[in-house]
Structures are given as C-alpha cells and as structure tokens.
Amino acid sequence: MKTWKNKFAIIAYYFAITIFFQGCVVYHNTPVTLEQATKEITRAKVKSTKDETYRFKHIGFEDGMFYGLKKTQGEYVRIPLDSNEISKIVLQNKTLSTILTISIPVVILTLIIVSAAAVATASLLTY
C-alpha cells in the first residue's frame, strides 16, 4: 500500500510542476520602443521610471495614444501609457518560452523514470 502512495505522490508532483511551468513566460533582454512594441502582437513587460513593473497582453496604439491591454477580473482593460513614465519595455521571447514550457516537464519525467528504474533494479539485485 505504501508503494502505491509513493507512486501516486510522485505522479502528483510531476503534474503540479507541469501545470506550474505552463505559465512560464520568458522576455527578451533587449528593450524596444513603444512604436516597436505596437507592431509586435505579443506580451510585453513595461518598467516605469518609479521601478514598478507592469505586464500586458500586448501594447496597442489608438486615437493618438498608447495603451497596454491587461486582463482584469476576466475582462480586458486598456491602460493608457505615458512614454515619459516608461524606462524600459521588453517583449516576450516566444521561442524560449515554448522550449522551457515543454522541456522542463520532459526532463523531470525523465528523471522520475530513471530513478524509478534504478530503484527497481536495486530491489531486484537484493533478492
């Protein structure tokens, strides 16, 4: 019975880690301008001059004003952006985000399988 509980715990940890890394977002190191950020329809992280960080679904331009699109309480809200109050804008690195989202759970699953095989081999050698 204890072995089933141990196996179930390992599987539960694996799925918890997999779900945790599904929201993994990696950003580029090089900052971009507001104009470049509006051309890219991708997530953006904006750092203000007051050292506050904002994350937006994307940055848009409409009616002569820049805005950040953010999901709040299930609805998308446009937050106006002032270019004088922004110190840095970085965009999402989609390639690296996808690689990390897939590779980390695969590496963890491989480690679980290898360790389970090592335990099984060790228990067979003791008989």
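Predicted model: local features only at pLDDT ≥ 70, side-chain atom pairs only at ≥ 80, totals over all residues.

Entry 1: For my own use: strands are DSSP runs of E with at least two residues, numbered from the N terminus, and two strands pair if DSSP finds at least two bridges between them.

Residues are numbered from 1 along each chain as its sequence is written, and side-chain values use heavy atoms, with hydrogens and water left out.

Entry 2: I traced an open, antiparallel sheet of three strands in the order S3-S4-S5. Its edge strands are S3 (58–62) and S5 (75–81), each pairing on one side only. The twist averages 40° from one strand to the next, with axes taken as lines fitted to C-alpha atoms and angles running from 0 to 180 degrees between N-to-C directions.

Entry 3: I stopped at His 58, which is found in strand S3. Is His 58 buried or exposed? His 58 counts as buried because its relative accessibility is 18%, and buried means under 20% relative accessible area with a 1.4 Å probe, protein chains only. Leaving aside neighbours within four places in sequence, I found His 58 in contact with Ile 41, Thr 42, Tyr 67, Gly 68 and Leu 69 (contact means heavy atoms within 4.5 Å).

**Entry 4: another sheet.** I also found three strands in an open sheet with the order S2-S1-S6, again with antiparallel pairing. S2 and S6 (86–91) stand at the edges with a single partner strand each, so one side of each has no neighbour in the sheet. Here the twist averages 20° from one strand to the next. S1 and S6 pair over five bridges, and I saw Lys 47 standing opposite Lys 88 in S6.

Terms used
Helix = DSSP H or I, 4+ residues; strand = E, 2+ residues; numbered from the N terminus. Buried < 20%, exposed > 50% of the residue type's maximum accessible area, 1.4 Å probe, protein only.
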